[in-house]
Amino acid sequence: LNLGVGETVTEAGTIRLPLRAALGVTNWLTIGVTVPFVRRLISVTQGASQDSANAGMSPAITDPTLVETFLSEFGTAVDQGQAAADALCASVGESDPTCVAARASLEYAGVLFDALAVSYTGSPVFVLEGSEAGDSLSARMEGVRTALAGLGVTGFTAPLPFSTSAPTDLYRERLLQEPASGIATIHGEGWYNTYELGDVEITADLRLLDHQSVDPTTGDPRWHFRMAVGGVFRLGTGVSDAPDFTADLGSMSGQSDMEGRVFADVGIGDWLGVSSDVRYGLRGSGSGTLGWPPPLTLVNTPLASAPVTWEPGNYMSFRITPRLRITRGLNLVADYSSVTADPGSYTFDEGTAPILPGSSARDPLPDLAFLDEKSGGSLRRAGLGVTYSTLYRVAERGSGLPVVLRGRAEKAIGGDGGLTPKSLRFTAELRLFWQLWGD
């Protein structure tokens with residue numbers, strides 16, 4: 001049976017609102033803290049094509065009375081036909097051609113009755129009325145009616161129930177959620193949560209070099225080179241992905257990490273420059289709940305789950321950002337970044353024996369080797385953005401509000417392993433500065 005060609009598109013996203021405060025302790029040392037708030041969203045779009053379909057929702061779901069009447073009359077007719085065949089064969093003998101034909105007809109009728117009873121009661125789908133498969137089944141059913149009538153059986157007039165629900169989007173949605181179908185999936189309209197705390201970060205950055213060359217005649221900058229190092233301690237205050245939603249990204253991974261980084265910035269005059277940073281992260285272990293669909297079930301089926309502990313691999317990232325001045329304070333920036341993560345390992349907690357939702361049956365634990373392999377990989381992004389700053393104006397006038405505005409759009413352009421979603425990322429940043437001490 002063919003339900004047609006279906007497609008389910010699932011999109012997952014996060015809205016991250018990081019609140020950061022940084023303090024310049026000296027001209028060379030800055031410490032800070034970032035408190036992010038994260039909202040997670042999942043949208044699901046389902047579609048279907050009816051072009052090749054020859055099956056739809058079973059009439060046992062849409063019209064159970066019709067099916068009960070048909071099976072009752074068919075079963076009674078088979079019993080009556082068996083009694084008539086017994087009487088005929090007793091009269092003419094078992095080897096008589098009429099007896100042999102009657103026995104064969106009754107045997108075929110019994111097989112067809114059993115097959116239809118199983119199809120109606122054991123499956124959420126049935127042959128679609130008017131399809132090639134439906135016409136073939138109708139022809140076989142008429143042959144059985146004719147054979148039974150030849151044995152003197154009357155009263156079998158109930159029509160053969162077919163599916164009349166074409167596989168439209170609405171039909172598929174009902175089929176996937178209908179408890180009588182034995183599937184009863186979660187509704188596929190999507191999911192979102194309220195804002196929640198992500199992983200809090202504590203940072204420290206130390207400037208190592210700051211060299212620049214200025215034209216002695218005009219005072220205009222010729223070039224500059226700056227270099228700094230920094231560190232991040234990331235607290236595991238966020239939550240991992242929800243086990244009931246396979247596309248959920250979580251507010252963070254939920255474990256504590258440490259990261260070291262090196263920054264560099266080179267400028268030619270005040271119209272062209274490039275900045276870059278390299279980071280290496282050490283990730284700690286974490287624990288949570290892993291959800292997975294039970295075997296032989298459809299998408300969005302309520303998931304089985306069990307507690308799991310993970311040991312994520314370390315990671316390394318690189319970013320380079322060239323910039324071109326458009327006007328004073330306004331820069332156009334390009335961006336390329338790459339991150340590579342080592343594979344980690346997942347293990348179920350000792351004694352784990354998950355139970356399927358709504359059932360007392362124990363579900364076998366899945367093999368976690370796939371997760372181990374896909375937890376590593378690489379991801380490359382490219383993007384464009386703009387930066388606007390009033391710092392130069394404040395420096396010249398000695399007054400005003402120092403503000404930096406940044407906007408950037410990034411797209412995933414390649415990678416491998418489990419880090420390669422088809423993703424777009426938009427970033428908007430506002431920085432405000434207050435002078436507490438110093439010149």
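Tutor: Let's start with a rule: a charge sits over a ring if NZ of Lys or CZ of Arg is within 6 Å of the ring centre and within 35 degrees of the ring normal. This is a predicted model, where local features need pLDDT of at least 70, side-chain atom pairs count only at pLDDT 80 or more, and totals for chains, interfaces and linings use all residues. Side-chain values use heavy atoms, leaving out hydrogens and water, and residues are numbered from 1 along each chain as its sequence is written.

Student: Which residue lies over the face of F156?

Tutor: Look at the ring of F156. At 4.3 Å from the ring centre, over its face, you'll find R145.

Student: How do the rings of F70 and F74 pair up: stacked, edge-to-face or tilted?

Tutor: Rings of Phe, Tyr and Trp (its six-membered ring) pair if their centres lie within 6.5 Å; planes under 30 degrees apart are stacked, over 60 edge-to-face, and the rest tilted. Here the centres are 5.7 Å apart and the planes at 55°, making the pair of F70 and F74 tilted.

Student: Is F70 buried or exposed?

Tutor: Buried means under 20% relative accessible area, exposed over 50%, and partly exposed in between (1.4 Å probe, protein chains only). F70 has 0% relative accessibility, so F70 counts as buried.

Student: What is the angle between the planes of F70 and F156?

Tutor: F156 is buried too, with a relative accessible area of 11%. The ring centres of F70 and F156 are 6.0 Å apart, and the pair is tilted because its planes are at 45°.
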